[in-house]
Amino acid sequence: MTSAMSPSERRLQKELMSLIKDPPPGVSVDAEQAEQNLLQWTIHMEGATGTLYEGESFQLQFKFSNKYPFDSPEVTFVGSNIPVHPHVYSNGHICLSILTDDWSPALSVQAVCLSIVSMLSSCREKQQPPDNAFYVKTCNKNPKKTKWWYHDDSV
Amino acid sequence: MGNCFKRSTTDDISLLRGSDSVREPSSDPVGPPSYQEALSVQSSPPIYHPSPSLTQSATQLSEEEQIRIAKRIGLIQHLPTGKYDGSKKIRECVICMGDFMVGDALRYLPCMHTYHMTCIDGWLMRRLTCPSCIEPVDAALLTSYETN
């Protein structure tokens, strides 16, 4: 079975196994769904204790192309609770440089999850991005098509 | 004497031709995979990736992108390669997340990070940075030439 897989499927299968076996705190993957379609995963994420998002839970959707890990995954918040955060638009798009310009094939789903947990945890005030209304009205459905202007590393 | 520009320009030509370069046919028989991919599909133009998420056929590339890709091919071919000998110091290729097996073809970057040759070449054809330390490979290569 493994031999018939493409390199990207093989790597995704390995990542999925390690995420199921040894997930970072507050992160879990919908294993059944990911096993059915390796190219689209749903990940549950708990707001870390002691942060503004404590007690909240979120869902992230990861979409992979057959060029993964050369091509970064498309990652958005989905579901009924989108975190209110200066880098998260109300349509679920996330402004995070490792998801586009700073992506590296040495990163992984786990690394992206940790980075998003840390982005949420360092937030001091729950606020939508200043251009939220305009962005949500005009953006492409795929956040990777957005020319993000990364300007603030502090949150 | 002022005529240094009249020297032969074979080096430039070899960069532009990529792996069919006549200067060092034995140094890198496999070459970057996307270039190989391109060679095997004779009927359609080769596919390149000016940046990681951009896929374009050779005919769609701007002149600037063509030059950038030609430089990349030339530079990748100058990076040392080898075969995995079972060394305990390196065990896994972080790109495919697979363990190195004795005899696997490896490529060594100037920052000393090591990957499967096919894995790293696929990335370097998109971006000339080390996936692990984000060190620009071309700058590091120049530094290593200067210090040697």
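In helix α4 of chain B, Met117(B), Cys119(B), Ile120(B), Asp121(B), Gly122(B), Trp123(B) and Leu124(B) are buried, meaning under 20% relative accessible area, with exposed set at over 50% and partly exposed in between (1.4 Å probe, protein chains only). The helix covers residues 117-124, and because seven of its eight residues are buried, it is largely enclosed by the rest of the structure. Helices (H or I, at least four residues) and strands (E, at least two) are DSSP runs, numbered from the N terminus.

A word on the source: this is a predicted model, in which local features need pLDDT of at least 70 and side-chain atom pairs count only at pLDDT 80 or more, while totals for chains, interfaces and linings use all residues. Residues are numbered from 1 along each chain as its sequence is written, chains are lettered from A and ligands numbered from 1 in the order in which they are written, and side-chain values use heavy atoms, leaving out hydrogens and water.

Let us step back to the whole chain. Chain B holds five helices and seven strands, and of its 148 residues 36% count as buried.

Now to the sheet beside the helix. Strands of chain B form an open, antiparallel sheet of three in the order β3-β6-β7, where two strands pair if DSSP finds at least two bridges between them. Its edge strands, pairing on one side only, are β3 (81-83) and β7 (114-116) of chain B. Between β3(B) and β6(B) (residues 105-108) there are three bridges in the antiparallel sense, and Thr81(B) stands opposite Arg107(B) in β6(B). Helix α4(B) packs on this sheet and touches β3, β6 and β7 of chain B; contact means heavy atoms within 4.5 Å.

The size of an interface is often given as the accessible area lost when the parts come together. Here are the values for chains B and A.

| Item | Value |
|---|---|
| Residues in contact | 17 residues of chain B, 13 residues of chain A |
| Buried area (accessible area lost, 1.4 Å probe, summed over both parts) | about 1,200 Å² |
| Share of that area from carbon and sulfur atoms | 65% |

Ile95(B), Met97(B) and Trp123(B) supply 41% of the area that chain B buries against chain A, more than any other three residues. Helix α4(B) gives the largest share of the side of chain B that touches chain A, with three residues.

Conventions:
Axes are lines fitted to C-alpha atoms, for helices over the stretch in contact, and angles run from 0 to 180 degrees between N-to-C directions. Buried area is the accessible area (1.4 Å probe) that two parts lose on being put together, summed over both.
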